[in-house]
Each structure stands twice: as C-alpha cells, then as structure tokens.
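Hi there,

Here is the structure I promised to pass on. My notes follow below it.

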Amino acid sequence: GGGETSVRVERMFGLMDRFLKSDPSSLQKDILDHVEYTVARSRFSFDDFEAYQALAHSVRDRLIERWHDTQIHFKKKDPKRIYFLSLEFLMGRSLSNSVINLGIRDQYADALKELGFEFEVLAEQEGDAALGNGGLARLSACQMDSLATMDYPAWGYGLRYQYGLFRQVILDGYQHEQPDYWLNFGNPWEIERVHVTYPVKFYGTVEDENFNGGKRKVWLPGEMVEAVAYDNPIPGHGTRNTITLRLWAAKPSDQIDMESFNTGDYINAVVNRQRAETISSVLYPDDRSYQGKELRLKQQYFFVSASLQDIIRRFKDSHSNFDDFPEKVALQLNDTHPSLAIAEVMRVLVDEEHLDWNRAWGIVCKIFSFTTHTVLPEGLEKVPVDLLESLLPRHLQIIYDINFDYIEELKKKIGLDYDRLSRMSIVEDGAVKSIRMANLAIVCSHTVNGVSRVHSELLKTRVFKDFYELWPHKFDYKTNGVTQRRWIVVSNPSLSALISKWLGTEAWIRDVDLLAGLQEQAANVDLHEEWRMVRKVNKMRLAEYIEAMSGIKVSVNAMFDVQIKRIHEYKRQLLNILGIIHRYDCIKNMEKSDRTKVVPRVCIIGGKAAPGYEIAKKIIKLCNAVAEKINNDPDVGDLLKLVFIPDYNVSVAELVIPGADLSQHISTAGHEASGTGNMKFLMNGCLLLATEDGSTVEIIEEIGEDNMFLFGAKMHEVPALRVKGPTLKVPLQFASVVRMVRDGYFGFQDYFESLCDKVEGGNDFYLLGYDFQSYLEAQAAADKAFVDQEKWTRMSILSTAGSGRFSSDRTIEEYAEKTWGIEPCKCPF
Ligand code: AZC
C-alpha cells in the first residue's frame, strides 16, 4: 500500500536527500541529463533551443516536487478551496517567472554560464502561452500568481486550446491573422494526466423516469466526448506552495459507439471520432461581441462539466453530505463565460445525487461568485434558446425552472411591473428567444463584483440597476491588480535591483506596500541618477527591438510614448493617431529655427484587432500609413517617429513597458471597466497620460493628479455630451487632421473614409472631437515636464512608489476575505 511505499522511499533517500539540489553543479548535471535523455541530443552538441528545453525540464522537475507536497498538504488539511473558472488564461512565458518564484534564478544563470549559455538568451527561446485575448485573460494569470504566493488553496480551471490567440502579421500596413499552433515544439510546463479524464455529454433528449413513486428527469445524451486534464503547476514566490492550473483537452470518448463501427465504414468511423478534438482546438479571438456560435457554447459546457466533475469528485473523497459543500467549495465565475456551471451544479445535485430541488438550490446560492469585466452591452452573452435546447436540453429545463421560481419571488417583491420583470428575466423574449447569461449569473451568485470602484458604480446605476435595487448587498467590487513578480521582477530586473537597494530589502516582492518607502527618497539626487540610468538601459533595449522589428532607428533621448492594448474604438487609438498627425503637421508648418524647441517623440502603438472588427483593422492600417509618411519625411527626422509594434503579446509587453516614458490610457470616460496596463506602467515608473476612467481614478487617489497628465470629458458628463452630439463644436485642429486623412494625405483615401465618418457628422460616439483640445493640452504638458528631467524623474519615482495598491496580491486578499471566505494553507518546508 501507499504507507509501505513511503517508508521504503524514505529509507532509500533519507529525509534531506528527498529533494533535487539547486547548487550550480547539481543544476548543470540535471540540465545535461535532460539534454541527453529528455531532449535526446548529445550533451556535447546542442543549440540554444535544445538548451532551453533541457533547462525548462530541470525547472519542471523542481516545480513538480513542490507541487506534489502542496497537493498532499491541501488534501491533509482539507481547507475550503477556491475554484477559479475562466475560459481564458494569458500566461505568456513561464521560465523566468518560475525560477524567480523558486528563488533559484542566479544559481541557474551561474550554472549555464559555465556551460557556455546565457540565461536571458535561452529564456527568449520560449514561446508565449496565449490562451486568452486581453485584459480579462491576463488578469486571471496575475491572480493565479497571487493565489500561489499567498498560499491560498486554489485551483484554476480552463481550456487547453491547441491554437492560442492568432499571430498578427502586418503586410502593407494591414493586419493579417495567422494560427498560433503553440504546442508544436512541446510544452514542458504542463503535465498530461492520461488517467484524469471525464466524459462530457451533449445533445440528446430528456425523458421522464419513475423513481421512488414519483418522476424524475433523465438526460439521454446523443454525443459523448472525453476531457483529459493537463496540469500546469503555478509556483508561489518565497513559499513552497505550488498550485494547479488544470486545463482540459477534448479527446474522442472511450465509450465506442458500436453502431458506427458495425456499419463497416471503419475509416470514416475513426475520422468522425476524431472530430471530438475540435472542441478544445481554437480560442475565440473576439474579446467583446458575443456571437451565439454552437462551438463556443460547446467549449463553455465542456470545460464547465469536466471541472465540476473533478471538483465534486475531490469533495466526495472526504465528504458524504452535500450540505457541507458550501463550507468546502467556492466557485468563482470569471465573467459569464462559465455560468453554465450554475445549471450544471443543479443538474448534478438533482439528477445524479438525487437531492431535492430546494435543497440543491440552497447549496447553489451559497457557492457562486461572479465578476464582470465590461460595461459594453455587446459584451453580454445571450445564448439562443434553440441552440441551448439542442445542445443541452436538460440545462435549458433547469434554467427555465430557476427562472420560474425567481420570477415568482420577484413578483412578490416588486409587484406586477411587467417592464421591469421582463428586463430582469433570465429568459429574453424577442425575435430570437435567448438566455441572458449575466442575469443567470447575478440571480444565482451571492456576490457580483466589478473590477474597479467606478465600474461598480456603473453596474449599480446603469447596467444592472434593477438588480442592485433588489439586492444591494450582492454588489461589490475588487479593484484589479497585477503581479509585481512578473511586471517588475521578471520584466525589469535592473529596476527591481535598484528598488531593493534603496529600500534595503527585497520584501516588497511579497509585500508591495513597502514600495511606498521610495517616496522619502523621491528628491534624492543619487537615486535620481541611478533611476535615470536604469530607465535609459531599458530604452536602449526597446530601441534595439524596434530596429530589429521594423528597421526604424529611434533616438533614446526622445520621449517614448506608448499605447499598447487591444484595438477598440472605445480605447481611442484613433485619438492618439490624430494627435500624432497634428504634431506632425505642426512640425511641418514650423519655422526651421523653431524646430529646436520641439521635444522629440517616439510614438509606439501595438495591439491586435478582432479578425472581424473592420473599424479596428482600419485603425491599424491608418497607424501604419501615417508612420510610413512621418518616418520617411526628412523635415521631421528624430523629432517624431511612429512605430506600430506587430504581434503585441505578453512577452512584448514585458519588453516595452520598462522602456516607456509616457503611456496612454485614453478610453472615453465610462468605458474601461478597469484597465490593468496602466498599473504595469505605473509600477515601472512610466508616467500616465489618461482619462479619468476605470482604475485610473484610483491611481489618481494614490499618486495625485500632479503626477500624471489627465484630460477629457468626465464620466458624468459623457451621456449629456452624447445627446448634444451633432451640435457640439469641434475644434478646428480636429477638423483639419481628419481632413488630411480624408484628402488622402496618407493615401488609401477610400479605405479610410468610413473611419473618418465614425468621428464626424454627429457620429462621434466616443467623443474624439470633443476631447481633442484637452488631449493636445495634456500632451503639451507632458512635453513641458519631460524637458525638466529633475521633475520628470521625481514624478517617475513617485509613480512606482504609489503603485502598491495595484498589486493583485491586494485584490486576491480582498476576494479571499470578503467574497470566497477562504484562508491560506501554507505547505511547510
Ligand atoms: C477587460 C476590461 O476591458 C478591462 O478594463 C479590465 O481591466 C480587464 O477586463 C480585467 O478586468 N475585459 C475583457 O478583457 N474582456 C471582456 C469580455 O470584458
């Protein structure tokens, strides 16, 4: 039995020898062993990529040790667990993050040096794991890092897409999408669990069956697919705790459909089975607009069903009464994407565990919490009833039953206000009858979280007003945060060392509030000098990358002005580009002698457009067309450059953010739920040029408005401005830059026409025209501040010093205490 084995193992190794050693010579031996036996290359001849693979495998071995210990410890202590359900995780690279969290980066660097390799060079060999679109997905990744670091008993659950987010290729200035077949070269960071599999059912019918003198529902599925677990260990920093991100892959079911094999068409029967894999094959690249596609719904249910089978199996390992479930399990719905989990828990409890409906409902009401990440109505998922009925007939019945009870209760509370009842119903009657997933999530969750304070206000006063009035206690918010481990320590090692030196401790890496200690030193000239030095080195690194990517040479003396994020109308990359055109036009029209007064700029824009989002794609093309013109104009030279960085992703962000002087977060007020890029720039001492939107409002409270460049209409002004829309006076400068685009100054006149139409003639929904004047003023203020290097450096230091509140450690602690009711469970060393 297991007991005997462990005694035997202990006798073989002795307690102290149980773990792999991490001194340089042990590391070297392990790396070389992996070269020889895992990568199967000769230890006398292997290239950088093979060295990376071997290195990654040796790190993996160390992760696995910690991970085993953590899982055993969790099992022994049996604490309440948090299960984080998310259809997207944007993990990026793992190597540097892992060795830093394990505390053995320097040992590895030394070990590799003697073998003739450089750690950084090998780290560059790794491709990104891009199993997500944007903010929501990267937030999940940051939160996993915090959950591990803070010793919470947590599991992430998601899908193991074979194709991550598409690669963006720019040809003639246009975006083209290419598949990201990221598993091509193997993935050392995952562990395939061939024995952890669950059947997932689809289609079929629901029948009534006699049971205990009554009737009960039985779902007779029409299709069965197997979910196979792939575990990705997530190491905490400065702790042994290493938690699990479990991603599911679809495989043909074990249960062979004898029917199709008996017809004699063996080849086709095999080929048909193989189609099961398409469920987890590709990530939907649209981060906002919901499309009602069957495959998407299949993905959602597939991952929800497998995860819940796994969670319930783990619960049943040590519990027999489902009434204890809420004391042991918290389920977090990351947006509405996993909200079928609600109906699935009801189905399992009622149909499979035979609890009566009310008892099951009582349990469901205590376990779910829901976080929404948007205010855009097109982001709210609505599943057509027809689709749900054919794919998941029993779930549709359950949702109808939940809705029936809920509407009856609601009538008692609000009376027969039919408008309001129909707005609040989970089922939407209309041309296409559909299920409102957000309403389902709100009705069945105990907490509805926003991602920043103002986002939560919008939810309460606009998007979910009816619900807030009914259940004010459900509504709360946890302002987003990012992990300083990845966004300072991994991506900006020189700044990290500088901070530790001046604070006299590395403790801020786990306790980020300590960064505030830099405030006292904000005027220290020695710190200033070192701070500027670090920033300059990072700018040089970025300049080299820009030249390698685009052939454009940029001067590190210029201000690096960056906007990187998904391309969206509400994020207003177009405002940025029109501002750049204005700057260009000013330089062109200046007396030559005045040009010496211009503060040189390198404007950097990066981001992907959803493949079907035409306007966003035109914005990319416009950026490239303007860049082409400006960068080749000898009148302008180093005074202005515009660079579009292709294929923006997590590892590009890690390179760009530390090298930015100024970053733009310029969404129309009331549209960015939170924003997390702003926090990453802030931590790295980059100044913000921003609107008072999302989490920026809270950043202002931390560092003060004097430490950033704010502009634009305020959130409460926006609705009235929209009403006035067509009568608003637009500044002349705005009309004239749009004119330049319309007149074909940058070519492609016809192609850009519809883009210009979006911001003129009363169509300017995002208020680019209205905000243009104050945008230019904020830009001028940034120029002025940049010339005063003393002042700029002080602002930069104060930005980093004031970033402590925006760590995901703080966010996760709030979730743990206020929403999930879980406690740390630290694995002893
Ligand atoms: C994003 C929000 O747009 C962004 O403001 C926020 O910081 C981030 O989530 C994390 O909360 N939303 C998404 O990426 N996607 C959806 C569907 O909202």
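Two notes before the rest. This is a predicted model, in which local features need pLDDT of at least 70 and side-chain atom pairs count only at pLDDT 80 or more, while totals for chains, interfaces and linings use all residues. Residues are numbered from 1 along each chain as its sequence is written.

Back to the ligand: there are 18 residues around it, and G135, L136, H373, T374 and S674 come nearest (a residue is near if its C-beta atom, placed from the backbone, lies within 6 Å of the molecule). By class, this shell has four nonpolar, ten polar and four charged residues; Ala, Val, Leu, Ile, Met, Phe, Trp, Tyr, Cys and Pro count as nonpolar, Asp, Glu, Lys and Arg as charged, and the others, Gly among them, as polar.

Now the two domains. Their C-alpha centres lie 37 Å apart. Domain 1 gives 32 residues to the contact and domain 2 gives 28, where contact means C-beta atoms, placed from the backbone, within 7 Å. On the domain 1 side, the elements that each supply at least two residues are β2 (89-92), α7 (135-149), β5 (167-171), β6 (174-178) and α18 (453-463). That side divides into twelve nonpolar, twelve polar and eight charged residues.

As for the whole protein, it has 33 helices and 24 strands, taken as DSSP runs (H or I, at least four residues; E, at least two) numbered from the N terminus. The C-alpha atoms fill a box of roughly 95 × 75 × 60 Å along the principal axes. With 829 residues, a compact globule would have a radius of gyration near 28 Å, and the protein's 28 Å agrees; the radius is taken over C-alpha atoms, and the globule rule is 2.2 Å times the number of residues to the power 0.38.

Best wishes

Technical notes
Domain bounds come from an automatic or database domain assignment. Two residues are in contact if their C-beta atoms, placed from the backbone, lie within 7 Å.
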